[in-house]
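Subject: Structure for your reading, with findings

Dear colleague,

Please find below the structure that I promised to hand over. I would ask you to keep it open while you read the notes that come after it.

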Amino acid sequence: MTAPITILGIESSCDDTAAAVVHGRPSAASVLSNVVFTQTEAHAAFGGVVPEIAARAHAEKIDFAVEDALKSANVTLKDIDAIAVTAGPGLIGGVLSGVMCAKGLCAATGKPLIGVNHLAGHALTPQLTNGVTFPYLMLLVSGGHCQFLLVQGHNDYIRLGGTIDDAPGEAFDKTARILGLNQPGGPAVEKTAELGDPKAFSLPRPLINRPDCNMSFSGLKTAILRARDDVAAIHGGIPEQVRADLCASFQASVKDVLINKSQRALTEARAKAPELNTFAVAGGVAANMAIRGALETLCTNENVNFVAPPLSLCTDNGAMIAYAG
C-alpha cells in the first residue's frame, strides 16, 4: 500500500479560478480545501465567457486562490508532495495562467509538476466523492464538453459518444442570451423554466432516433431563436409567461436527448463491461435538478447505481485536478 500524499490542484481552464488541497490515496482521499473564484460579473455584459477577460482574471486571482487553499487546508508548500494543474483542454489563455503558476511554484520548491487532463478530473470525481469502483459509465456534461466515457481505470477510458457540435452548457448560455436572461445561462434558464410549460413549444430532439451515443445541440439553439422571433413578431416582444414556456420547452428537449442517449450508452457500456453497475454524471449541467432527477429515474429503471458529486464539485474546481494528479 502506498503512503498517503498531499496534492495541490490548480484549475483555470475556463472562467473559474480554482485551487484545492487533497490528501490521501486514490482509494481513500479527502478534500482539505477547495477555493473557487468565479468571474460571473466580469462576463455578464457579454452574454458568455470572453477568453481575453478570463485570462486576465486568472492571472490576477490565481496566486490568491493558491494562498487561500493552502491556508484553509492548514498546510504550507513544504507539506505538499506535488502540484497538479489543468494542462488542457480549455481556453488557452486560462490554461497558460494555471500552468505558469504551477511551473513557478515547482521551480521554487522543487516539487513535482503533474499535468492533468481537465476531462479526467471530471471523470474521476465520483471516485473522490463516492469511492466508486471501476468500471463505471460517466456522462460528462458541461459548458464546453458532452460525452459518454466508460471509465475502466485511472488512465483507461473508452469514449462511447458525445456531441458532434455544441455542448449543452453552451446551448443553455446561448438560449439565455436569446431570451434576454442573465448569465450564467444554465441557472437562469432552469429557474425560469420552473414557471413554464415544457410542452408549449415543439422543439427538435436532435439525433434522438440515431442508433448511437452521439448528440447535437446546435440546431436546438437555432430552433429557440426562430421561436423567439415568431413570438416577438406576434406580441411585439416576449411576454414573461412565453419566455418561461420557451425555457421549459428547451430544457425538456435537452433532457430527453440526454436520457435517450444515456440509455443507449448504458447498453453499450454493459456489452463491453458486464460487471458495470454505476452511472455517474459530472460537469456544470449536472447541477440542473430537472436533468439530474431524470437521470436518476433512468438509473433506477435500469437497476444501476446513480452517482452525482455535490454541486460544488460538479462545476470546475481544483479538488478534481488534485485528485486526478
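The following notes describe what was found, topic by topic.

This is a predicted model, in which local features need pLDDT of at least 70 and side-chain atom pairs count only at pLDDT 80 or more, while totals for chains, interfaces and linings use all residues. Residues are numbered from 1 along each chain as its sequence is written, and side-chain values use heavy atoms, with hydrogens and water left out.

Salt bridges

A salt bridge here is a side-chain nitrogen of Lys or Arg within 4 Å of a carboxyl oxygen of Asp or Glu. In general, side chains of opposite charge can pair when their charged atoms come close. The search of the whole structure finds nine salt bridges. One of them joins aspartate 166 and lysine 221, with N and O 2.6 Å apart. Aspartate 166 lies in the loop between strand E8 (156–162) and helix H5 (168–178), and lysine 221 in helix H7 (residues 218–235), so this pair ties together parts that are 55 residues apart in sequence. Helices (H or I, at least four residues) and strands (E, at least two) are DSSP runs, numbered from the N terminus.

Both aspartate 166 and lysine 221 are buried; buried means under 20% relative accessible area, exposed over 50%, and partly exposed in between (1.4 Å probe, protein chains only). Lysine 221 counts as buried because its relative accessible area is 13%.

Glutamate 170 takes part in a salt bridge with lysine 174, where the closest N and O atoms are 3.0 Å apart. These two residues both lie in helix H5, four residues apart, which is about one turn of the helix. Glutamate 170 also meets lysine 221 in a salt bridge of 3.6 Å, N to O. Since lysine 221 lies in helix H7 and glutamate 170 in helix H5, the pair ties together parts that are 51 residues apart in sequence. Through shared partners, Asp166, Glu170, Lys174 and Lys221 are joined into one network.

Strands

Aspartate 16 is found in strand E2 (residues 16–25). E2 pairs with strand E3 (residues 28–38) in the antiparallel sense over 10 bridges; two strands pair if DSSP finds at least two bridges between them. E2 and E3 form a hairpin with two residues between them, and valine 22 has valine 31 in E3 as its bridge partner.

In strand E6 (residues 136–141), six of the six residues are buried. In a regular strand the side chains alternate between the two faces of the sheet. Tyr136, Met138 and Leu140 are buried on one side of E6, and Leu137, Leu139 and Val141 on the other. E6 runs antiparallel to strand E7 (residues 146–153), joined by six bridges, and parallel to strand E9 (residues 278–282), with four bridges. Leucine 139 has phenylalanine 148 as its bridge partner in E7 and stands opposite valine 281 in E9.

With kind regards
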